[in-house]
Protein chains: 4
Amino acid sequence: MISTQDIKDFIAKEFPQAGCEILSVGTKTSRVRKSIGFDDLRPGGTVSGPVLMSVADFSLYVAILGEIGIVPLALTTSFNINFLRKPTPNQDIIGQCNLMKVGKKLIIGDVYLYSEGDTDPVAHAVGTYSVPPENISSTNE
Amino acid sequence: MISTQDIKDFIAKEFPQAGCEILSVGTKTSRVRKSIGFDDLRPGGTVSGPVLMSVADFSLYVAILGEIGIVPLALTTSFNINFLRKPTPNQDIIGQCNLMKVGKKLIIGDVYLYSEGDTDPVAHAVGTYSVPPENISSTNE
Amino acid sequence: MISTQDIKDFIAKEFPQAGCEILSVGTKTSRVRKSIGFDDLRPGGTVSGPVLMSVADFSLYVAILGEIGIVPLALTTSFNINFLRKPTPNQDIIGQCNLMKVGKKLIIGDVYLYSEGDTDPVAHAVGTYSVPPENISSTNE
Amino acid sequence: MISTQDIKDFIAKEFPQAGCEILSVGTKTSRVRKSIGFDDLRPGGTVSGPVLMSVADFSLYVAILGEIGIVPLALTTSFNINFLRKPTPNQDIIGQCNLMKVGKKLIIGDVYLYSEGDTDPVAHAVGTYSVPPENISSTNE
């Protein structure tokens, strides 16, 4: 079983541009945080949709690494997001991921996104990821 | 009718962090380009999903501005993307948007994303946007 | 506040062709069941995707009626479903809905679908619904 | 190459409950029709969302059979639909499908749905399908 520290080390080395911090990794779950700055806002001052998507995608990616190990090539195949409320300005965004299926070829999970400190989510995303064949033997379907 | 130059000026002033260039704006359509650099890649060297999403979201936003005028607060309400092929490395990404419905409250469109120079799309996205009430009078449903 | 019996009566009278049974309606939630017969299967013997979608759509519709009252014209605006596991043959399908946002104009919720008696969901759906303007005063955003 | 008649014969024998008629099958495309009756309406008299979804799913399924041959077990893995306009009452629904990717494992396509005789679509759907491994050799990625 891979440790949360292993995943943090991998991300720090191979994916520093993600701009997200790993808070925790559990069984089929992860929790991540992204600091919000000027580059993350769109006209009107709200956090841009693609930034929220990037937090959801990162949270899913981290939860997947926690399940199947360090697999750089797990690829997003489809992604759906609904925006529920306007994020609180200048507040970090938290992503809370839960994997619904960890299959041999396909992994599917959802992510609730929050402005840190709020209880109502600002968005909800669902992503599907394909696992490359060379990693099939290490999955647990 | 708003001109393409008006939209370019608005984006340059109010949304420079989008990192995308407007190539053209037509009736319910837009074409945009994003240069790809290190920050846009994920482990494995492919263009990250959220970067492709950001090009699609920007292309939809520009096409909407072309239809309803400069409305900073048109907000994404839902967004769905399917990844079709691996983008060509180090190639710019082109987004080609077509609005399917321009309603009083809701605007829906899709975007094909390409590695510049290729004819097969790398991804296809559909986004829905809500138009704030104060702009209803200027829409054309 | 509308009662579960009121919703059952409305559905029995106005929407008998739904083919679904209401098990319960709670705060922003509902639980429904659909019996599966030959018409609901596709080649290969599995429950067809559209049948699972119809259970999810019905579960969302019932939960919405529970929140905003009898509003026949609440309309689906977008719907996304991911299929997770093959349903158990000849088993009823259960839909468990949770509304994530009940706004003035837009209601968004998700539904987990199960083969009755199983704990792992066979599918997960997210739907968005628009509420007609004449009903805005009765909503609680 | 499979003929349109082969697909019609397969559907008539194995999937009569689909309730849809095949109008044509072309290269990565299909066109289908569904007659609308009382069972297909929801309160308010509009064609129900799940019925539109079933036409889109059927249109995708037929286009897939046209590409990879008679494969009963091609399974929907995810499905997204946006509802654009109210269908014309008592009018047949037409589905026009275009496959965007025909891969070894995954097939992705979209469908425009119309009230017959209208030029503006009532809905737009995108579906992804997984092809079972035993059929991989016959695909053309």
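**How the copies meet**

Tutor: In this predicted model, the interface residues of chain D are also interface residues in chain A to the extent of 100%, so the two copies meet through the same surface.

Student: How many residues does each of chains D and A bring to their contact, and which strand of chain D gives the most?

Tutor: The contact draws six residues from chain D and six residues from chain A. By class, the side of chain D has one nonpolar, four polar and one charged residues. The element of chain D that gives the most to this side, with three residues, is strand S5 (residues 75-83).

Student: What is the relation between chain A and chain B?

Tutor: Chain A is laid on chain B with an RMSD of 0.0 Å by a turn of 180° and a shift of 0.0 Å along the axis. This is therefore the relation of a two-fold axis.

Student: Which residue of chain A has the C-alpha nearest that axis?

Tutor: The axis in question relates chain A to chain B by a turn of 180°. In chain A, the nearest C-alpha lies 2.1 Å from the axis, and it belongs to A:Asn80.

Student: Which element gives the most to the side of chain A that touches chain B?

Tutor: The contact takes 24 residues from chain A and 24 residues from chain B. On the side of chain A, the elements that give two or more residues are helix H2 (49-68) and strand S3 (75-83). The residues of this side divide into eleven nonpolar, nine polar and four charged. With nine residues, the element that gives the most is S3(A).

Student: In S3(B), which residue is the bridge partner of A:Asn80?

Tutor: S3(A) pairs with strand S3 (residues 75-83) of chain B in the antiparallel sense, over five bridges. The partner of A:Asn80 in S3(B) is B:Asn80.

**Helices and sheet in chains C and D**

Student: Are H2(C) and H2(D) roughly parallel or roughly antiparallel?

Tutor: The axes of helix H2 (residues 49-68) of chain C and helix H2 (residues 49-68) of chain D come within 9 Å and cross at roughly 160°. Angles over 145 degrees count as roughly antiparallel. H2(C) is therefore, relative to H2(D), roughly antiparallel.

Student: How many charged residues has the contact of H2(C) with H2(D)?

Tutor: The residues of H2(C) that meet H2(D) include C:Met53 and C:Asp57, and those on the side of H2(D) include D:Met53 and D:Asp57. By class, the contact has four nonpolar and four polar residues, and the number of charged residues is two.

Student: Which strands are the edge strands of the open sheet?

Tutor: Twelve strands form this sheet, with antiparallel pairing, in the order S1(C)-S2(C)-S4(C)-S5(C)-S6(C)-S3(C)-S5(D)-S8(D)-S7(D)-S6(D)-S2(D)-S1(D). An edge strand pairs on one side only, and here the edge strands are strand S1 (21-26) of chain C and strand S1 (21-26) of chain D.

Student: In S7(D), which residue is the bridge partner of D:Leu99?

Tutor: Strand S6 (residues 93-102) of chain D and strand S7 (residues 106-115) of chain D run antiparallel, joined by nine bridges. The partner of D:Leu99 in S7(D) is D:Gly109.

How values were computed
Residues are numbered from 1 along each chain as its sequence is written. Chains are lettered from A and ligands numbered from 1 in the order in which they are written. This is a predicted model: local features need pLDDT of at least 70, side-chain atom pairs count only at pLDDT 80 or more; totals for chains, interfaces and linings use all residues. Two residues are in contact if their C-beta atoms, placed from the backbone, lie within 7 Å. Helices (H or I, at least four residues) and strands (E, at least two) are DSSP runs, numbered from the N terminus. Ala, Val, Leu, Ile, Met, Phe, Trp, Tyr, Cys and Pro count as nonpolar, Asp, Glu, Lys and Arg as charged, and the others, Gly among them, as polar. Copies are superposed by least squares on the C-alpha atoms of residues with pLDDT of at least 70 in both. Two strands pair if DSSP finds at least two bridges between them. Axes are lines fitted to C-alpha atoms, for helices over the stretch in contact, and angles run from 0 to 180 degrees between N-to-C directions. Angles under 35 degrees count as roughly parallel, over 145 as roughly antiparallel, 65 to 115 as roughly perpendicular and the rest as oblique.
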